[in-house]
Amino acid sequence: WPTLRVVLVAIALNLGAYALSRTRHHRRGAVVLTATVCAASIAVPLSNPADFIAFAFPVVGVLLACVLLSLRAAAIVAGSSLAGLIALAIVLGDRIPLSRSIGPIMLVLIASVLILVTTAHRDRLEKDRHAELARSRERYRSLLQTAFVGLVVAEGGVVVEANPGAARLFGRAEDAIVGRPL
């Protein structure tokens, strides 16, 4: 029954986190969700110390933090989860030999490091892609504005961009062409 209570409290907190995420407080919802999963991942082995699989659950909190929070926050979650597991192993030392807790702790450590490294790499790739997209947009704008011929860009039959050549061609200002139907 203690595990069931932990699960029910976690579900209630996650519903609250979901409600927060549906408002403009999505970041707070992400923090509540991650904290709930991390707390539950420590509480479950505490309620059933013989279940060594439960000792690996903090990886879920780290993974969730990497998806929902910043890399720095995810690193804090990973460190806190590992510290919680180590403290749990020490507290449960009289019921479970410390040597049996080391395996799950090492699993969480290795998995957390891999998840954090992968997340850092993903973030770096995303920054590079955004920078390349900005450079591409700048080249596009430069080509559009410096072309001698008149160019208009339309979406759905409405002009969304016009260059100086189009303004000369139509005898109107660029702003007067944008927003008009083709």
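**Exercise 1.** Determine which residues form a nonpolar patch on the surface, and classify Leu109 by accessibility.

*Solution.* The nonpolar surface patch consists of Leu98, Ile102, Met106, Leu109, Ile110, Val113, Leu114 and Val117, with about 700 Å² of accessible area together. Patches take residues with over 30% relative accessible area and no salt bridge, joining like charges within 9 Å and nonpolar side chains (Val, Leu, Ile, Met, Phe, Trp, Tyr) within 5 Å. Areas come from the Shrake-Rupley method with a 1.4 Å probe. A salt bridge is a side-chain nitrogen of Lys or Arg within 4 Å of a carboxyl oxygen of Asp or Glu. Leu109 belongs to helix α5 (residues 98-146). Its relative accessible area is 34%, so Leu109 is partly exposed (buried is under 20%, exposed over 50%, partly exposed in between).

The model is predicted: local features need pLDDT of at least 70, side-chain atom pairs pLDDT 80 or more, while totals for chains, interfaces and linings use all residues. Numbering starts from 1 along each chain, and side-chain values use heavy atoms, without hydrogens and water.

**Exercise 2.** Describe the surroundings of Thr34.

*Solution.* Thr34 lies in helix α2 (residues 26-47). Its relative accessibility is 2%, hence buried. A polar atom of the Thr34 side chain is 2.8 Å from the backbone oxygen of Ala30. Beyond four places in sequence, Thr34 touches (heavy atoms within 4.5 Å) Gly61, Leu64, Ala65, Leu68, Leu69 and Val77.

**Exercise 3.** Is Ala162 buried or exposed, and which residues does Ala162 touch?

*Solution.* Ala162, in strand β2 (residues 158-162), is buried at 6% relative accessibility. Beyond four places in sequence, the residues touched by Ala162 are Gln145, Leu151, Val152, Glu174, Ile177 and Val178.

Notes. Helix = DSSP H or I, 4+ residues; strand = E, 2+ residues; numbered from the N terminus. Buried < 20%, exposed > 50% of the residue type's maximum accessible area, 1.4 Å probe, protein only. Polar contact = N/O pair within 3.5 Å; in protein donor to acceptor, adjacent residues only side chain to side chain.
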